[in-house]
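My notebook is open, and I am going through this one slowly. Come and look along with me.

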Amino acid sequence: MKELTTYNRVAGYLNKIFDLLNQNYFESVLSRPTITIQSTPKAYGHFSLRDDTWISKNGASYEINIGAGTLSRPIEEVAATLLHEMVHYYNHVNGIKDCSRGNTYHNRRFKESAEERGLIVRHSEKYGWSHTSPSDDLLEFVLDNDLRDILINRNEMTAFSIPGTGTHSGTGITGTRKPSSARKYICPCCGNSVRATKSVNIGCLDCNSPMILEM
């Protein structure tokens, strides 16, 4: 697979990940929304509640956005963000109100639905059960589908100004990458491989050789 270093390639890849998540966690019941990549200050993404957020001659669709300044996180984190927004999408079309306070406070309905679908959920005083991260099940999903890290990111660290529009200081999310939780180990002799969600010491019994972490 070619490296994910261009905007257009990443946009297509996010649609592929959506389809895989939809099949694995929602029995493919969600119609594909328009997936956008835009800046989302203080957020990793969002889901639009209108089914006509995007309109074309072929019809209308909802929108899921992934923050442009958050793309280069480990792929399991990006997948978790997309899955978070897909949970909102699923709840919305099924009449499950999972947010209040201007659709910012995530209630226990969101927590329950998210935990059923591969997410770990933590509580925030301001936003409720809003902090999500990948569970071991989602990590296994990422490994099983050989999902790759995105190698492009919108630079939102440096402040800039445009006359007449004020100053934008960015989200502060872009920075040093944290290590991915998904790992692949290979045998340097025969090429056998195994996948793990944590650092392990493992060997190939066929070759009596220690396996090494694929970089």
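This is a predicted model: local features need pLDDT of at least 70, side-chain atom pairs count only at pLDDT 80 or more; totals for chains, interfaces and linings use all residues.

Residues are numbered from 1 along each chain as its sequence is written, and side-chain values use heavy atoms, with hydrogens and water left out.

Next I looked up the elements, and the protein chain has 4 helices and 16 strands. Both are DSSP runs numbered from the N terminus: helices are H or I with at least four residues, strands are E with at least two.

Of the 215 residues in the protein chain, 41% are buried. Buried is under 20% relative accessible area, exposed is over 50%, and partly exposed lies in between (1.4 Å probe, protein chains only).

**Confidence.** I checked pLDDT, the predictor's confidence in each residue from 0 to 100. Its mean over the protein chain is 87, and 86% of the residues reach 70 or more. Over residues 158-177 pLDDT stays under 50, and there the model has 30 contacts beyond four places in sequence. A contact means heavy atoms within 4.5 Å.

**Helix α1.** I compared the length of α1 (residues 7-26) with what its 20 residues should give: at 1.5 Å a residue the span should be 28 Å, and the end C-alpha atoms are 27 Å apart, which agrees. The expected span is 1.5 Å times one less than the number of residues. Buried residues in α1 include Y13, L14, F18 and L21. Their cover includes β1 (34-38), β5 (63-67), α2 (75-93) and α4 (136-144). After α1 comes E27, with a positive phi near 55 degrees.

**Helix α2.** What about α2: how many of its 19 residues are buried? I found 17, so α2 is mostly covered. G95 follows α2, and its phi is positive, near 70 degrees.

I then looked at how α2 meets α3 (residues 108-115): they pack at about 115 degrees with axes 10 Å apart. Axes are lines fitted to C-alpha atoms, for helices over the stretch in contact, and angles run from 0 to 180 degrees between N-to-C directions. Among the residues making this contact are H84 and Y90 of α2 and R109 and F110 of α3.
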